[in-house]
Amino acid sequence: MRIVMVGSGYVGLVSGACFADFGHEVVCVDKAADKIEALRNGVIPIFEPGLDQLVESNVKAGRLTFSTELAGPVSEADVVFIAVGTPSRRGDGHADLGYVHAAAAEIAASIKGFTVVVTKSTVPVGTGDEVERIIRETNPDADVAVVSNPEFLREGAAIEDFKRPDRIVVGLSDERARPVMTEVYRPLYLNQSPLLFTSRRTSELIKYAANAFLAMKITFINEVADLCEKVGADVQDVSRGIGLDGRIGAKFLHAGPGYGGSCFPKDTLALAKTAQDHDSPVRLIETTIAINDSRKRAMGRKVIAAVGGDVRGKKVAVFGLTFKPNTDDMRDSPAIAIVQALKDAGAIVSGYDPEGMNNARQMMEIDFATSPYEAARDAHVAVLVTEWNAFRALDLDRLKSLMAAPVLVDLRNVYRAHEVEAHGFAYHSIGKG
Ligand code: UDX
């Protein structure tokens, strides 16, 4: 199959490299000339474990190429994926579909022969209809089937998620697209990954419903964690106790500082807005959004309480700035709100992150340290915000000797209280009364 990915951001690049690895001929297109130039030189613009090798080997094999120009590759393609960004629209939280619509118009102008156009970007229900309308209006002769095929990739595990998905969802109305999409995913299909065909609108909604449900699950356990602290229970045991119930499932029950990232915050908001527009509000999700928003700043107050209620002039060390480990992504990271709350209270913040420092520099003004130990020097409290492996086995004696006061706030429950306390620390975790 000849495949074109329009948009070589996170989703476009990972999907493009994986499709090439399946044996398809893939062209990743992007308007950003510097990004394409970098990719041609083997420089990957994002941090994603395994992606550099995957790109390199498929470029070498001649199956993966990069281009700033869309027309040529699209004219020869069997399948064109739209994988451009859908940021939250400024002001109202709706998904901004400007890039998707522009891509649809550009693709339409270059299509030759029967082509399947697939929306991979996360888009509100009905966007497929709009993409089809734009294509038919721009080029009435275009012979297309417009399909929805949402991605469920987790940053940091994206290649694994792509190659071993729980399911592949394909929404279509033109039956000619079914064998084409089956061929695109043939290796996974042969591996017996469920390939679920639905209507286009259903497929679009599945993506939002999945992310909203997971965001709600996290928020549920976060509230239970708060209750655990009040009643003297242990949230990790509660998670285990309910997670073993097959109807609930053990995943996404880790209490923490609140969810962040490029998907959950944006997609929950977009779903809530779509639902309101259709006079069918999703109140559980609206509440999830509100709880998660306020939780991040509340974590700042938790740190302040751990040092006795006043951080003015005191140094706080922050371990981990990205929204989760194994990514350099800072979007909606809880660290942003936590750092702001600490700075508002007069703290001097020093932070360290294994991969996120460059992005963090654009988003916060703090002292950036070269290691967790440097961040901790003379600090009155250290806060573990992101559970990078590098923070799982800290030399606690060394840490204590560097700090002005041995206080550790562990917002990811990485450590055990008795171990940390044995090293002379005051230890605060999440959801342990
Ligand atoms: C998510 C979805 O998992 C993925 O299917 C979708 O395509 C994109 O959005 P991602 O944002 O990369 O992926 O990260 P994920 O691992 O889902 O974590 C999201 C946030 O939830 C992180 O901030 C993480 O720390 C938090 N989280 C996750 C918890 O606080 N507790 C958990 O148990 C799980």
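**Notes on the salt bridges and the ligand shell**

1. Let's start with a local pair: Asp245 and Arg247 join their side chains in a salt bridge, 2.9 Å from N to O. The term here means a side-chain nitrogen of Lys or Arg within 4 Å of a carboxyl oxygen of Asp or Glu. Asp245 is partly exposed at 24% relative accessibility, while Arg247 is exposed at 75%. (Buried is under 20% relative accessible area, exposed is over 50%, and partly exposed is in between, with a 1.4 Å probe and protein chains only.)

2. A word on the basis. This is a predicted model, in which local features need pLDDT of at least 70 and side-chain atom pairs count only at pLDDT 80 or more, while totals for chains, interfaces and linings use all residues. Residues are numbered from 1 along each chain as its sequence is written, and side-chain values use heavy atoms, with hydrogens and water left out.

3. The salt-bridge count comes to 28. One of them pairs Arg2 with Asp78, with the closest N and O atoms 3.7 Å apart. Arg2 sits in strand β1 (residues 2-6) and Asp78 in the loop between α4 (71-76) and β4 (79-82), so this pair ties together parts 76 residues apart in sequence. (Helices, H or I with at least four residues, and strands, E with at least two, are DSSP runs numbered from the N terminus.) Both ends are partly exposed: Arg2 has a relative accessible area of 37% and Asp78 one of 25%.

4. Asp129 and Arg201 make another salt bridge, at 2.9 Å between the closest N and O atoms. Here too distant parts of the chain are linked, since Asp129 is in helix α6 (residues 127-138) and Arg201 in helix α10, 72 residues apart. Asp129 is partly exposed at 31%, and so is Arg201 at 43%. The two also belong to a salt-bridge network with Glu132, Arg136 and Arg200.

5. Now the ligand. It is surrounded by 18 residues, the closest being Glu155, His254, Gly260, Cys263 and Arg412; a residue counts as near if one of its heavy atoms lies within 4 Å. By class, the shell has 9 nonpolar, 3 polar and 6 charged residues. Helix α10 (residues 200-231) gives the most to the shell, with 3 residues.

6. A backbone N or O atom of Phe152 is 3.1 Å from a ligand oxygen, and a polar backbone atom of Leu153 is 3.0 Å from one. The protein covers 93% of the 660 Å² of accessible area that the ligand has on its own (Shrake-Rupley method, 1.4 Å probe).

Methods: Polar contact = N/O pair within 3.5 Å; in protein donor to acceptor, adjacent residues only side chain to side chain. Nonpolar A, V, L, I, M, F, W, Y, C, P; charged D, E, K, R; others polar.
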